[in-house]
Amino acid sequence: MALDRIDTVAAIESCGQALVRNPGHSRVIFNLARANDRAGRLDEAARLYRLAADQGYTAARHSLGVFYLEGLGGLAPDARAAARLFKLTADRGFALSQYNLAVLYASGGGGLAKDEREAARLYKLAADQGDPAAQTDLGAFYDAGRGGLPRDEREAARLFGLAAGQGDSVAQFDLGVFYANGRGGLATDEREAARLY
């Protein structure tokens with residue numbers, strides 16, 4: 001279930017009851033954390049994410065990484081802690097962490113040395129799993145020939161199209177630019193460009 005569709009009151013109650021029946025169960029703890037996160041109870045969400053992350057629950061490690069990256073739930077912003085958590089979960093194939101880690105490598109954030117090749121590799125892993133933000137950023141890398149990738153407008157257009165189809169607003173804009181200028185093997189189409197902008 002998407003985080004924005006959680007009925008927080010019912011979810012907190014249901015997950016709380018499930019936790020009583022299954023004390024220490026990492027998935028139940030994670031679901032309770034998500035419900036608290038959605039309800040704006042960020043301190044409690046951070047505490048619960050940490051409990052589930054300490055048990056090795058992949059999605060909880062990612063969420064705790066986001067909390068560290070953004071300084072949420074009473075946690076001081078700590079991009080290094082976020083990068084460490086994203087590495088753990090990216091290595092397990094978790095697309096959202098692969099994307100976030102790629103962003104850190106692309107910028108040299110989180111105590112990581114700037115490495116566009118590693119960023120491109122991670123963007124590709126996440127993009128291949130259908131992550132629209134990764135598809136958009138990988139498309140931008142192909143468009144500019146960054147990260148050791150060849151400059152390839154057709155591949156950029158394909159990736160922008162995939163992400164735009166999932167509602168990614170940056171990809172929609174980029175694809176609109178391609179249509180407006182007849183780039184990436186696309187015929188110039190001002191109407192389609194205007195629709196995407």
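**Reading burial and ring pairs**

Trainee: Why is Phe67 called buried?

Mentor: In this predicted model, Phe67 has a relative accessible area of 3%, and since buried means under 20% (exposed is over 50%, partly exposed in between, with a 1.4 Å probe and protein chains only), Phe67 counts as buried. Residues are numbered from 1 along each chain as its sequence is written. Local features need pLDDT of at least 70 and side-chain atom pairs pLDDT 80 or more, while totals for chains, interfaces and linings use all residues, and side-chain values use heavy atoms, without hydrogens and water.

Trainee: What makes Tyr123 and Phe141 an edge-to-face pair?

Mentor: Rings of Phe, Tyr and Trp (its six-membered ring) pair if their centres lie within 6.5 Å, and planes under 30 degrees apart are stacked, over 60 edge-to-face and the rest tilted. The ring centres of Tyr123 and Phe141 are 5.3 Å apart with planes at 80 degrees, so this pair is edge-to-face.

Trainee: Which parts does that pair tie together?

Mentor: Tyr123 belongs to helix α7 (residues 116–128) and Phe141 to helix α8 (residues 132–144), so parts 18 residues apart in sequence are tied together; helices here are DSSP runs of H or I with at least four residues, numbered from the N terminus.

Trainee: How do you know that Gln98 is buried?

Mentor: Its relative accessible area is 3%, so by the cut-off of under 20% Gln98 is buried.

How values were computed:
Helices (H or I, at least four residues) and strands (E, at least two) are DSSP runs, numbered from the N terminus.
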